Amino acid sequence: MSDVATLEEAVWEALAQVPDPEIPAVSVVDMGMIEAVAVTESRASVIVLPTFTGCPAIAVIESDVRDAVAAVPGIQDVEVQTTFTPPWTTARITNEGRNKLREFGLAPPTGTGPVLIDSIGLPRFAVCPFCGSKNTYNENPFGPTPCRALYYCKDCSNPFEQFKPI
Amino acid sequence: MTDPLVSMLLALADDELVLGHRHSEWTGFAPHIEEDVAFSSIAQDEIGHAAAYYSLVAKITGDDPDRLALGREKHEYRNAILCERANGDWGYTLARHWLYDHADALRLEALESSAHEELGPLVTKIRREERYHLLHADTWLKRVSQGPVEGRKRLADSIGIAFEESLGLFEPFEGEQDALSAGWIPVSSSELRQRFVRQVAEKLDALGLPTHMTSHAEEGAEFVASSSGDLIASDNGERSAPSADDGFGGRRGRRTPDFDALWEDMTSMYRTSPGARW
Ligand SMILES: [Zn+2]
């Protein structure tokens, strides 16, 4: 039994090394995309939650997760399952993940969780990842990928992107 | 007969795929760069939602999601005709985007409590993304309705045209009664349609835009879909202003000439090399 617990930890460690293909500074674990890991003897099954429904990186993430887990000594067989149950939200991004996003130059999502559909409206500002200013405004609720919104910092005059709260 | 669950999911998926494709046509052509980004992103979301619905269908029928999206004949699509209309000008694009996303929001609100165990959570996910579409559409409607006369007039005219056709989104899909009994969708299309008409009237009124067509729609609560399946006559691919019943029949596979060019474009890669991978 202790062997399995150890193997399960080894799988989590391997997953912590799998980068988000679009934001390589954070791992799929930092992003809260791993819902569950189960190990039975030499067989691992991993449940992955896609960030956005239309995220084009889903297939890449699945195959990266499969490769990383298959490389764990003692694992012979890997099953990767993608599901929208439960739905991923930005509240799942870990604190470490938020720090890494900021260092990467991408403002982490504001708020503690998803905004309800009837409370429409973006946060007035996002904290500038370059200078820390809140003197910023939303220029576009959409960005170059489904998960990003565009902001502008009035203090350091940099445009920047925020990971959209959902 | 098609499984009512499959029939419901295909209507949802085809709406999202076809309108997503129309939105993507603004990529590189929108009136300004931020809107180029916005419509490209909304298109990607809608096509992603379609892919998720097609995957659910594929699980039920054993079909391939790509074949469902891109490998069907024109008459096999079940989108509302509103979704296939050419983009026209910016006024029409905004009017349709606004009407569609409000209609879709009401439908998704109902579907969140679907008896289908995978559909409910998927819809929860999709609604969180869709709120950005509503935000975008509402912002533009407000902006143009408070702007110069010409833009306001074009928007109002387009809402008049698109509104009639938007009621086609609430045409019952094949097997809807069975889907209701099974709890796949807890609210009927006709009830959703009434909610939609009320909501549109309230919102347009608040923006000072004309609402006469909505009162007409409420009076005629029983809508009649043309049964002919005929295609509308077309001159050089241009369509004339649609009359009230042109917008119906989409759920039964009636397609307009606007769909032909879209289908050719959307499916050309799939037809050229089926099974191609990126
Ligand atoms: Zn700054």
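Is A:Cys128 buried or exposed, and what is its relative accessible area? A:Cys128 is buried, with a relative accessible area of 2%, where buried means under 20%, exposed over 50% and partly exposed in between, for a 1.4 Å probe and protein chains only.

## Basis of the model

This is a predicted model, in which local features need pLDDT of at least 70 and side-chain atom pairs count only at pLDDT 80 or more, while totals for chains, interfaces and linings use all residues. Residues are numbered from 1 along each chain as its sequence is written, and side-chain values use heavy atoms, with hydrogens and water left out.

## Zinc site

The zinc ion is coordinated at 2.3 to 2.4 Å by the SG atoms of A:Cys128, A:Cys131, A:Cys153 and A:Cys156, donors being N, O and S atoms within 2.8 Å of the metal (3.2 Å for Na, K and Ca). Along the chain these donors follow the spacing C-x2-C-x21-C-x2-C. The angles among the four donor atoms run from 106 to 113°, and the site is tetrahedral, a term that requires all angles of four donors to lie between 85 and 135 degrees. A:Cys131 is partly exposed, at 41% relative accessible area.

## Interface of chains A and B

In chain A, 30 residues are in contact with 24 residues of chain B, contact meaning heavy atoms within 4.5 Å.

Conventions:
Chains are lettered from A and ligands numbered from 1 in the order in which they are written. Four donors count as tetrahedral if all angles lie between 85 and 135 degrees; four count as square planar and six as octahedral if opposite donors are over 155 degrees apart and all others between 65 and 115; anything else is irregular.
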